[in-house]
Amino acid sequence: KSTCPTELKIAGTLSQAQGMGIGTALMEHSLRALQAEGHQVCMIDWHIPNLLSSRYWPKRGFGPLFIE
């Protein structure tokens with residue numbers, strides 16, 4: 001099992017496709033695949049001023065690790 005965190009650096013959904021569950025389905029699939037490979041930690045990088053990200057990620061259980 002990996003103790004090193006996996007980092008999701010870039011994620012987004014085209015504005016015309018937002019709200020359809022596409023991003024959530026991709027995120028859930030990715031996390032299941034990482035877990036199956038033995039990863040236990042996943043870091044998401046988003047910027048607080050990005051309101052869509054600041055709403056999306058915490059609703060899925062992600063929280064601040066550090067603030068720059």
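Arg60 sits over the face of Tyr56, at 3.7 Å from the ring centre. A charge counts as lying over a ring if NZ of Lys or CZ of Arg is within 6 Å of the ring centre and within 35 degrees of the ring normal. The model examined here is predicted, with local features requiring pLDDT of at least 70 and side-chain atom pairs pLDDT 80 or more, while totals for chains, interfaces and linings use all residues. Residues are numbered from 1 along each chain as its sequence is written, and side-chain values use heavy atoms, with hydrogens and water left out.

A pair of aromatic rings is described by the distance of the centres and the angle of the planes. Rings of Phe, Tyr and Trp (its six-membered ring) pair if their centres lie within 6.5 Å; planes under 30 degrees apart are stacked, those over 60 are edge-to-face, and the rest are tilted. By this rule there are 2 aromatic pairs. Together, ring pairs join Tyr56, Trp57 and Phe62 into a cluster.

With a relative accessible area of 21%, Tyr56 is partly exposed. Trp57, at 7%, is buried, and Phe62 counts as buried at 15% relative accessibility.

Contact, in turn, means heavy atoms within 4.5 Å. Leaving out residues up to four places away in sequence, Phe62 touches Met27, Leu31, Cys42, Ile44, Trp46 and Trp57.

Ser53 belongs to helix α2 (residues 51–59). At 16% relative accessibility, Ser53 is counted as buried. Apart from its neighbours within four places in sequence, Ser53 is in contact with Trp46 and Pro58.

Turning to the whole fold, the protein chain has 2 helices and 2 strands, and along the sequence they follow the pattern β-α-β-α. Helices (H or I, at least four residues) and strands (E, at least two) are DSSP runs, numbered from the N terminus. Ile22 is found in helix α1 (residues 22–36) and is partly exposed at 38% relative accessibility. Its C-alpha atom is separated by 9.8 Å from that of Gly12, 10 residues apart along the chain. Met43, in strand β2 (residues 42–44), is partly exposed with a relative accessible area of 25%. Met43 and Lys9 are 34 residues apart in sequence, and 8.5 Å separates them C-alpha to C-alpha.

Of the 68 residues in the protein chain, 16% are buried. Among contacts between residues at least 6 apart in sequence, 66% join residues at least 24 apart. The chain exposes about 5700 Å², with carbon and sulfur atoms supplying 59% of it; accessible areas come from the Shrake-Rupley method with a 1.4 Å probe, and for residues only the protein chains shown count as cover.

Methods: Buried < 20%, exposed > 50% of the residue type's maximum accessible area, 1.4 Å probe, protein only.
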